[in-house]
Amino acid sequence: MSNHARGLWGYTGETPAGHALSIQSTGMGGPSAAIVLHELAELGVRRAIRVGTCTALREGLEPGDLVAVAEAHAWSGPGGGAGEAVAPDPELQARLREALGEAARPGTAASLDVLHRGGAPPPVEEGEVADMQTAAIFGAARRLEIGAAAVLIVSEGAGGERLGDEELEAAAKLAGRAAAAIL
């Protein structure tokens, strides 16, 4: 562990190939993630990959599935609506998709400002999965001129079924290895 700033754990080390790698928690929600990315940029970070969890908003995604986010919309609860789509860095996202291979499918994320617990999901065109950080990370990365991409693990299905701890750990390791391989 290299830091515990803002109560968020950060680790710095090397990949098996000997390349420097930092892993940083961003906290919950877009504002926290954007602040952490800004601080990482000040320390010299030029590329970042979000590995996180999401909830499926539509049938067809099962707990444990991986989603390589092709675009994300900031989405505010009832009455707020969706923001403009933000995309990942195309080169970094293409490399992430290649590293993940058949283990992930492309998808659109609705990055919510509240936890999604049933009720009316965002409109279909606004997202297949819901998370709370990806749109903010993509937007902040664009402003900071940092390459960013994201892979999300479906931790809860559209019907409420949940991923177990062991399965979540296995999916996170798969996603994390792919991210580390291309950074």
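**Salt bridges, cores and surface**

1. The side chains of Glu 169 and Lys 173 are joined by a salt bridge, at 3.1 Å from N to O. The model is a predicted one. Both Glu 169 and Lys 173 belong to helix H4 (residues 165-182), where they are four residues apart, about one turn of the helix. Glu 169 is partly exposed, at 45% relative accessible area, and Lys 173 is likewise partly exposed, at 41%.

2. The count of salt bridges comes to four. One of them pairs Glu 128 with Arg 105, at 2.6 Å from N to O. Glu 128 sits in the loop between strand S6 (104-112) and S7, while Arg 105 is in strand S6, so this pair ties together parts that are 23 residues apart in sequence. Glu 128 is partly exposed at 23% relative accessibility, and Arg 105 is partly exposed at 32%.

3. A salt bridge also links Glu 156 and Arg 162, whose closest N and O atoms are 3.4 Å apart. How do the two partners stand, buried or exposed? Glu 156 is buried, with a relative accessible area of 12%, whereas Arg 162 is exposed, at 56%.

4. The largest nonpolar core has 24 residues, and the members touching the most others are Leu 37, Val 69, Ala 72, Val 129, Phe 138 and Val 154. At least two core residues come from each of helix H1 (30-42), strand S3 (47-56), strand S4 (66-76), helix H3 (134-144) and strand S8 (147-156). Helix H3 gives the most to this core, namely five residues.

5. Beyond residues up to four places away in sequence, Val 69 touches Pro 88, Gln 93, Gly 107, Ala 109, Thr 134, Phe 138, Ala 150 and Leu 152. There is also a second, separate core, with 16 residues, including Ile 49, Ala 149, Ala 171 and Ile 182.

6. Gln 133 lies in the loop between strand S7 (129-131) and H3. At 8% relative accessibility, Gln 133 is buried. With neighbours within four places in sequence left aside, the contacts of Gln 133 are Thr 26, Gly 27, Met 28, Gly 29, Gly 30, Ala 33, Arg 50 and Ser 111.

7. Ile 23 is located in strand S2 (residues 20-24). Its relative accessible area is 54%, and Ile 23 is therefore classed as exposed, for which the cut-off is over 50%. In soluble globular proteins, nonpolar side chains tend to be buried together.

How values were computed. Residues are numbered from 1 along each chain as its sequence is written. This is a predicted model: local features need pLDDT of at least 70, side-chain atom pairs count only at pLDDT 80 or more; totals for chains, interfaces and linings use all residues. Side-chain values use heavy atoms; hydrogens and water are left out. A nonpolar core is a set of buried Ala, Val, Leu, Ile, Met, Phe, Trp, Tyr and Cys residues joined through side-chain atoms within 4.5 Å. Buried means under 20% relative accessible area, exposed over 50%, partly exposed in between (1.4 Å probe, protein chains only). Contact means heavy atoms within 4.5 Å.
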